[in-house]
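Hi,

Here is the structure I promised to pass on. Have a look at it first, and then read my notes below.

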Amino acid sequence: GHSDARLSVTFSPDGRLSASGSMDKEIRVWEAAAGVASGEPLRGHEEPVNAVAFSPGGRQLASASIDKTIRVWDMETRKAAGEPLRGHEEVFSVAYSRDGLRIVSGGENGRIIVWDALTLKPIIGTGIKSSGALQMFSLDSSDLDTDECQFFEGWKIQDGWLLGAAGEHRLWMPGYMRKVVKQVDGGLFV
């Protein structure tokens with residue numbers, strides 16, 4: 001197991017595996033039913049791993065670290081899928097869109113960055129401010145066709161959920177993040 005505290009844990013979409021990020025700078029993958037390690041630890045971060053997230057298909061695992069990087073791991077080879085993603089100070093959170101085409105990360109510098117999960121290049125990252133932690137990301141890639149995402153027309157916030165124009169649940173925000181959301185006539189500023 002880990003040699004230090006676990007900071008995050010997640011299940012693969014099929015529930016067969018779980019993954020954990022730790023103060024020991026490693027990511028461990030586990031056989032969920034047996035609770036035993038599945039292969040060697042994923043190594044590459046230089047500081048503690050704050051968050052881990054499986055892609056919807058379970059083929060990738062993203063990890064976020066205090067070392068200012070997001071790493072994407074190929075779950076078949078258990079190797080890094082490319083170079084580390086950079087754009088934050090310490091990175092506190094990472095998640096995939098439902099369609100698996102986007103990765104979103106939140107960091108200490110207050111930025112949310114949306115990355116293309118295939119090219120591992122940033123798509124959106126300017127003008128979006130947060131406290132740096134996301135619990136769930138559920139935007140479809142069709143929602144991400146602009147460089148500025150500060151105003152969400154027709155959206156509202158209710159019980160911590162950002163609701164889309166049709167009232168659908170789009171993004172859940174923990175209480176400490178809700179202060180960055182401002183409800184105005186016609187939508188939300190985030």
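Strand 1 (residues 6-11) pairs with strand 2 (residues 17-22) in the antiparallel sense, over 5 bridges. Please keep in mind that this is a predicted model. Within the pairing, phenylalanine 11 of the chain stands opposite serine 18 in strand 2. The two strands form a hairpin with 5 residues between them, and glycine 15 there takes a positive phi near 75°.

Next, the charged side chains. The count comes to 5 salt bridges, and I will go through some of them here.

One of them joins arginine 16 to aspartate 14, with the closest N and O atoms 3.7 Å apart. Both arginine 16 and aspartate 14 are exposed.

Another salt bridge brings together the side chains of glutamate 26 and arginine 28, at 3.5 Å from N to O. Are these two residues buried or exposed? Glutamate 26 has a relative accessibility of 12%, so it counts as buried, the cut-off being under 20%. Arginine 28 comes to 15%, and therefore it counts as buried by that cut-off too.

Then there is lysine 68, which forms a salt bridge with glutamate 89, the closest N and O atoms being 3.3 Å apart. This pair links distant parts of the chain, 21 residues apart. Lysine 68 is in the loop between strand 7 (60-65) and strand 8 (69-74), while glutamate 89 is in the loop between strand 10 (85-86) and strand 11 (91-96). Lysine 68 counts as partly exposed because its relative accessibility is 40%, which lies between the 20% and 50% limits. Glutamate 89, at 36%, is partly exposed as well.

Where does serine 38 sit? Its place is in the loop between strand 4 (36-37) and strand 5 (42-43). Serine 38 has a relative accessible area of 14%, so it is buried. Which residues is serine 38 in contact with, leaving aside its neighbours within four places in sequence? They are Leu17, Val29, Trp30, Glu31 and Arg78.

Best wishes

Methods. Residues numbered from 1 in each chain as written. Predicted model: local features only at pLDDT ≥ 70, side-chain atom pairs only at ≥ 80, totals over all residues. Heavy atoms only, no water. Helix = DSSP H or I, 4+ residues; strand = E, 2+ residues; numbered from the N terminus. Buried < 20%, exposed > 50% of the residue type's maximum accessible area, 1.4 Å probe, protein only. Contact = heavy atoms within 4.5 Å. Salt bridge = Lys/Arg side-chain N within 4 Å of Asp/Glu carboxyl O. Pairing = 2+ DSSP bridges.
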